[in-house]
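Reader: Hi, I have a protein model to go through. Can you walk me through it in plain words?

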Amino acid sequence: MAELVFFSGTMDCGKSTLALQMDHNNSARGRQGLIFTKLDRMGESVLSSRLGLSTPAIEVSDHLDFWDTVVERLTQGARVDYLICDEAQFYTPEQVEQLARLVDELGIDVHAFGITADFRTELFAGSRRLIELADRVQLLQVEALCWCGRKATHNARIVDGVMVVEGEQVVVGDTASASVGLVEYEVLCRRHYMRRMNSHAARAAALSPDTLPFDLDVCAVPPQPPSRA
Ligand SMILES: [Zn+2]
């Protein structure tokens, strides 16, 4: 039976790497699939992982119709056994419904990958619809870590070094613009997300004689700046 599966996790949890692995495993068994992504860090029409692997992919615009796209391929004589859908948090709810229909009516497996919540801890629209419709939601096994060593569960947005909890939902990371500033993302545990304490703020607080002493057992000082590969 074909399935709609949503593989979810925080940023840095290796979901794009798993998406590439999933495509490899399927094609190694002689199955044929299509790969989709949206706003990949490497640019348009490519699915890339932080480990350095990448593959061409179909860029998902808001106007793309998954049902029409796949049916058109089938009509042309192509075989489509499965879809790999990365960055699925950015898809529209309607697009997620099209994916469910492909599973139910055409028996195509859909493996969707995405982060669940944005930097404000609110669900992305695409992820919400996937959680509502998926046959299975699978949390990824590779856990990202907060600077304190705890399991990272939240995505924080850092603008010019300072954590923010307001702003546009979608701003691609590692970009600078005059109006917004330098936007980066960092994964944190809930405790440090709630305290607005990213690694930079934690180091500054630990080094400053002006800040009130805080519990070092609770807030260990990060040893190194996080490496952003
Ligand atoms: Zn933490």
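Reader: How many helices and strands does the protein chain have?

Author: The chain has six helices and 12 strands. Helices (H or I, at least four residues) and strands (E, at least two) are DSSP runs, numbered from the N terminus. This is a predicted model: local features need pLDDT of at least 70, side-chain atom pairs count only at pLDDT 80 or more, and totals for chains, interfaces and linings use all residues. Residues are numbered from 1 along each chain as its sequence is written.

Reader: What share of the residues counts as buried?

Author: Of the 229 residues, 34% count as buried. Buried means that 20 or more other C-beta atoms lie within 10 Å of the residue's own; exposed means 12 or fewer, partly exposed is in between, and C-beta atoms are placed from the backbone.

Reader: OK, sheets. In what order do the strands of the open sheet come?

Author: The order is β5-β2-β6-β7-β1-β8. Six strands form this open sheet, and the pairing is parallel. Two strands pair if DSSP finds at least two bridges between them.

Reader: Which strands stand at the edges?

Author: β5 (58–59) and β8 (136–139) do. Each has a single partner strand, so one side of each is left without a neighbour in the sheet.

Reader: And what packs on the sheet?

Author: Helix α1 (residues 15–28) does, touching β1 (4–9), β2 (33–37), β6 and β7. The direction of α1 makes about 165 degrees with that of β7. Axes are lines fitted to C-alpha atoms, for helices over the stretch in contact, and angles run from 0 to 180 degrees between N-to-C directions. Helix α4 (residues 125–133) lies across β1, β7 and β8, at about 130 degrees to β1.

Reader: How many bridges join β6 to β7?

Author: Four, and the two strands run parallel.

Reader: Now the inside. Which residues touch the most other members of the largest nonpolar core?

Author: C85, L99, V110 and A112, out of 32 residues in that core. A nonpolar core is a set of buried Ala, Val, Leu, Ile, Met, Phe, Trp, Tyr and Cys residues joined through C-beta atoms within 7 Å. Elements that give two or more residues to it include β1, α1 and α3 (93–106).

Reader: What is V110 in contact with?

Author: Leaving aside neighbours within four places in sequence, V110 is in contact with L4, L83, C85, L99, L102 and V103. Contact means that the C-beta atoms of two residues, placed from the backbone, lie within 7 Å. There is also a second, separate core of 13 residues, with W147, A152, V187 and A202 among them.

Reader: Back to α3. Which of its residues are buried?

Author: Q95, V96, L99, L102 and V103. Seen down the axis of α3, they fall within an arc of 110 degrees, so they line one face of the helix. That arc is taken from the directions from the helix axis to the C-beta atoms. On the other side, D104 and E105 are exposed.

Reader: What covers the buried face?

Author: The cover of α3's buried residues includes β1, α2, β6, β7 and α4. Just after α3, G107 takes a positive phi of about 65 degrees.

Reader: New topic. Why is β9 called largely enclosed?

Author: Five of the six residues of β9 (residues 154–159) are buried, so the rest of the structure largely encloses this strand. β9 pairs with β12 (residues 181–188) in the antiparallel sense, over six bridges. There, R157 stands opposite Y185.

Reader: What about β9 and β10?

Author: They form a hairpin with two residues between them. D160 in the turn has a positive phi of about 50 degrees. Three bridges join β9 to β10 (residues 162–164), running antiparallel. I158 has M163 as its bridge partner.

Reader: Last one: is D118 buried or exposed?

Author: D118 is buried, with 21 other C-beta atoms within 10 Å. The residue lies in the loop between β7 and α4. Not counting residues up to four places away in sequence, D118 touches F124, N155 and Q169.

Reader: And R79?

Author: R79 counts as exposed, because it has 10 C-beta neighbours inside 10 Å. Look for R79 in the loop between α2 (66–75) and β6 (82–85).
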